[in-house]
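Subject: Structure handover

Hello,

Please find the structure below, followed by notes on what was found in it.

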2 protein chains.
Amino acid sequence: MKTLKVPEATIIRLSVYSRYLTEVDRKGIITISSGEIAEGVGVSPAQVRKDLAYFGEFGTRGVGYNVKDLRQHILKILGLSSDWSVTLVGLGNLGLALSSFKGFMERGFIITSIFDVDPSKVGNMIGNVKVMGVEQLEEVVQQNCTQIGIVAVPAPFAQEIVDRLVKAKVKAILNFSPVVLNVPPEIELRNVDLAVNLEVLTFNVCAQRY
Amino acid sequence: MKTLKVPEATIIRLSVYSRYLTEVDRKGIITISSGEIAEGVGVSPAQVRKDLAYFGEFGTRGVGYNVKDLRQHILKILGLSSDWSVTLVGLGNLGLALSSFKGFMERGFIITSIFDVDPSKVGNMIGNVKVMGVEQLEEVVQQNCTQIGIVAVPAPFAQEIVDRLVKAKVKAILNFSPVVLNVPPEIELRNVDLAVNLEVLTFNVCAQRY
DNA sequence: TTATGATAGTGCTATAATTAACATATCTAT
DNA sequence: ATAGATATGTTAATTATAGCACTATCATAA
């Protein structure tokens, strides 16, 4: 057990491992080796062991890992042993897609509030959540002890929404607007930029040159 | 000019720089320094210069970079000097959101075809693109010389769709299904896993422990 | 024309991440 | 019991990435 500085790449892989283990578990498989996990998710066996070694010893030498146990351990590491209350701000096309995204619920992310500015949307039900006007954001989010905010508003409004989420004491923000946002250092911020992803692809497609 | 092995992190940053430069250019600013770019996007000035150095010399010592020029150079590097034909497979909530995502069009990604299995969707118009049944995928995609496929279908169908895209000779695939996909090495594949992003956040929120 | 200030480009250093190698532990079969 | 096969955990080596500091170059103004 090394501990202390864990690369972000490791966290991302752990998340992928856990999802793969869920799949493997569903097939009724009891034990799995680092090599099989590696094969399944497309990394090296050493990488799998190294990633796990940051957090402890979860396997049995000569045998492998118990699928259920390892999965549980990883979920615990990722902070997924209990549910998270999530607020979604912005109910455009992307927001709507996110609101019904199964992958969130499956992993314990519960969307407990949804906000939009559009009066024609406010009051509507999305699943069993009522859409509210953004003016209520701080109050509702704080009351619910919501810890994660998802920002899916047009770029020009993103910073303002983020500021209000910070005021409402969320701990982490997932931003889908293609802008650089400023948050206090204690707030975790991640940006998902869809166009960037395509551009990495086009670079690579064109990259015989480099 | 160093060339040859460019880190992916560099490509991602270049994409961010270029977007920032677009913004700066709109404000009518002519010249910008590495320090100002760095400030604007939240990296170090050395990093900005290093990233650009992979591809050439674009600035003037003692002065900085011409905003328009640098922007154009970066777009060229990323392969964005001409448009890309993109096909979208899967018109669920996410697919629908992607189909109308402005960020794609702005950067020259043109969705030229959309496929779904649901007969109630086939035939509908999304913008000026007619939704087609997946059975036509190979034919249409190949005919259009579409080079990029976006996969937004449920996880169990993703591999099959990817196989068909490969058969249809796309060069790159952006996958939104949370599964590990197999493609031949010459095909560029990127995965966008929305839940993973949230899980990196929760880990960090919980990570006082580590 | 020359001195000064500013800033890009670059080589070197330090840090981080990945891969490889190995020593240790477990299970199975004889 | 013991030997052999297997697979983890860990240390070492390699590779990749980022940061720093120096050098070269340009613009400006005296």
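**One residue at the chain contact**

B:G103 lies in helix α6 of chain B, residues 102-106. Helices here are DSSP runs of H or I with at least four residues, strands are runs of E with at least two, and both are numbered from the N terminus. With 18 C-beta neighbours inside 10 Å, B:G103 counts as partly exposed. On this scale a residue is buried if 20 or more other C-beta atoms lie within 10 Å of its own, exposed if 12 or fewer, and partly exposed in between, with C-beta atoms placed from the backbone. Leaving out residues up to four places away in sequence, B:G103 touches A:P178, A:L194 and A:A195; contact means that the C-beta atoms of two residues, placed from the backbone, lie within 7 Å.

This is a predicted model, in which local features need pLDDT of at least 70, side-chain atom pairs count only at pLDDT 80 or more, and totals for chains, interfaces and linings use all residues. Residues are numbered from 1 along each chain as its sequence is written, while chains are lettered from A and ligands numbered from 1 in the order in which they are written.

**Chain A with chain B**

The contact takes 52 residues from chain A and 51 residues from chain B. On the side of chain B that touches chain A, at least two residues each come from α1, α2, α5 (93-99), α6, β9 (172-175), β10 (188-191) and α9 (194-206). α9(B) gives the most to that side, with 13 residues. By class, the side of chain B that touches chain A has 32 nonpolar, twelve polar and seven charged residues. The classes are as follows: Ala, Val, Leu, Ile, Met, Phe, Trp, Tyr, Cys and Pro are nonpolar, Asp, Glu, Lys and Arg are charged, and the others, Gly among them, are polar.

Chain B is superposed on chain A by a rotation of 180 degrees with 0.0 Å of shift along its axis, at an RMSD of 0.0 Å. That is the relation of a two-fold axis. The same surface serves both copies, as 100% of the contact residues of chain B recur in chain A. The superposition is by least squares on the C-alpha atoms of residues with pLDDT of at least 70 in both copies.

**Helix packing**

α2(B) and α3(B) pack at an angle of about 110 degrees, with their axes 7 Å apart. Axes are lines fitted to C-alpha atoms, for helices over the stretch in contact, and angles run from 0 to 180 degrees between N-to-C directions. α2(B) and α3(B) are therefore roughly perpendicular to each other (65 to 115 degrees; under 35 is roughly parallel, over 145 roughly antiparallel, the rest oblique). In this contact B:S34, B:G35, B:I37 and B:A38 of α2(B) meet B:P45, B:Q47, B:V48 and B:R49 of α3(B). The residues of the contact divide into four nonpolar, three polar and one charged.

In chain A, α1(A) packs on α2(A) at an angle of about 100 degrees, with the axes 10 Å apart. That makes α1(A) roughly perpendicular to α2(A). A:V16, A:Y17 and A:Y20 in α1(A) meet A:I37, A:G40 and A:V41 in α2(A). This contact has five nonpolar, one polar and no charged residues.

The buried residues of α4(B), residues 67-77, are B:V67, B:L70, B:R71, B:H73, B:I74, B:L75 and B:I77. They pack against α1, β1 (31-32) and β3 of chain B. After α4(B) comes B:G79, whose phi is positive, near 85 degrees.

**The DNA strands**

DNA strand C is surrounded by 29 residues, the closest being A:P7, A:G62, B:E57, B:G59 and B:G62. A residue is near a strand if its C-beta atom, placed from the backbone, lies within 6 Å of it. The largest share of the surface near DNA strand C, five residues, comes from α3(B). That surface divides into ten nonpolar, twelve polar and seven charged residues.

Around DNA strand D there are 31 residues, and the closest are A:E57, A:G59, A:G62, B:R61 and B:G62. α3(A) gives the most to the surface near DNA strand D, with six residues. The residues of this surface divide into twelve nonpolar, twelve polar and seven charged.

Regards
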